[in-house]
Each structure stands twice: as structure tokens, then as C-alpha cells.
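Take a walk through this model, from the whole chain down to single residues. Keep the sequence and the coordinates side by side.

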Amino acid sequence: MSDEKVQIACAHCATPNRVPEARLEDNPHCGRCGKPLFTGKPLVLDEAGFEAHAVRSELPLLVDFWATWC
């Protein structure tokens with residue numbers, strides 16, 4: 001088991017959380033808002049949310065950009 005911690009942005013409030021790698025599958029909750037870090041659903045992100053999840057979080061991120069006009 002690894003003691004290394006991974007920084008993850010909360011899906012609800014975008015607060016960064018440090019979670020031990022060994023606990024990622026234990027449904028970790030945010031230290032600030034108390035909600036689950038992972039929702040199992042796509043997130044709609046604004047500019048600040050994108051920054052929190054794509055730049056400051058250490059997990060891979062799959063991005064789908066779309067617009068109503070195309």
C-alpha cells in the first residue's frame with residue numbers, strides 16, 4: 001500500500017483535497033463540504049472549475065468541449 005497522497009479537486013466545491021493513493025477506492029469525501037469527491041457523472045465546469053480540476057488536481061481528466069451553436 002502506498003502512503004503517497006494525491007491532490008484531488010472536490011466535484012462539488014472545487015476545494016483541493018489530499019487523499020492517500022491507497023484510499024482512492026474508499027469513496028473519499030471533501031474535507032470542506034463533506035460531499036463525495038467523485039460523483040461518477042460528468043461535471044460542467046466554468047473557468048475556475050476547469051482550473052481546479054485540470055491544473056491543480058493530480059488525477060487524469062477527460063475533457064469534452066462543446067457548444068450549442070455547432
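Of the 70 residues in the protein chain, 23% count as buried. Buried means under 20% relative accessible area, exposed over 50%, and partly exposed in between, with a 1.4 Å probe and protein chains only. The model is predicted: local features need pLDDT of at least 70, side-chain atom pairs count only at pLDDT 80 or more, and totals for chains, interfaces and linings use all residues. Residues are numbered from 1 along each chain as its sequence is written, and side-chain values use heavy atoms, with hydrogens and water left out.

Start with the overall layout. The protein chain has one helix and two strands. From the N terminus on, their order is β-β-α. Helices (H or I, at least four residues) and strands (E, at least two) are DSSP runs, numbered from the N terminus. Along the principal axes, the C-alpha atoms fill a box of roughly 45 × 20 × 20 Å. The protein chain exposes about 5600 Å², and carbon and sulfur atoms supply 53% of that area. Accessible areas come from the Shrake-Rupley method with a 1.4 Å probe; for residues, only the protein chains shown count as cover.

Now look inside. The largest nonpolar core has six residues: Val6, Ile8, Cys10, Val19, Cys30 and Leu37. Such a core is a set of buried Ala, Val, Leu, Ile, Met, Phe, Trp, Tyr and Cys residues joined through side-chain atoms within 4.5 Å. Leaving aside neighbours within four places in sequence, Cys30 is in contact (heavy atoms within 4.5 Å) with Cys10, Cys13, Thr15, Asn17, Lys35 and Leu37.

Thr15 deserves a stop. This residue lies in the loop between S1 and strand S2 (16-20). Is Thr15 buried or exposed? Thr15 counts as buried because its relative accessibility is 17%. Not counting residues up to four places away in sequence, Thr15 touches Ile8, Ala9, Cys10, Cys30 and Arg32.

Move on to helix H1, residues 47-56. Gly49, Ala52 and His53 are buried there. They sit on the same side of H1, because they cover an arc of only 80° around the axis. That arc is taken from the directions from the helix axis to the C-beta atoms. An α-helix has 3.6 residues a turn, so residues three or four places apart point the same way. Strand S1 (5-9) is included in what covers the buried residues of H1. The face turned away from the buried side carries the exposed residues Glu47, Ala48 and Val55.
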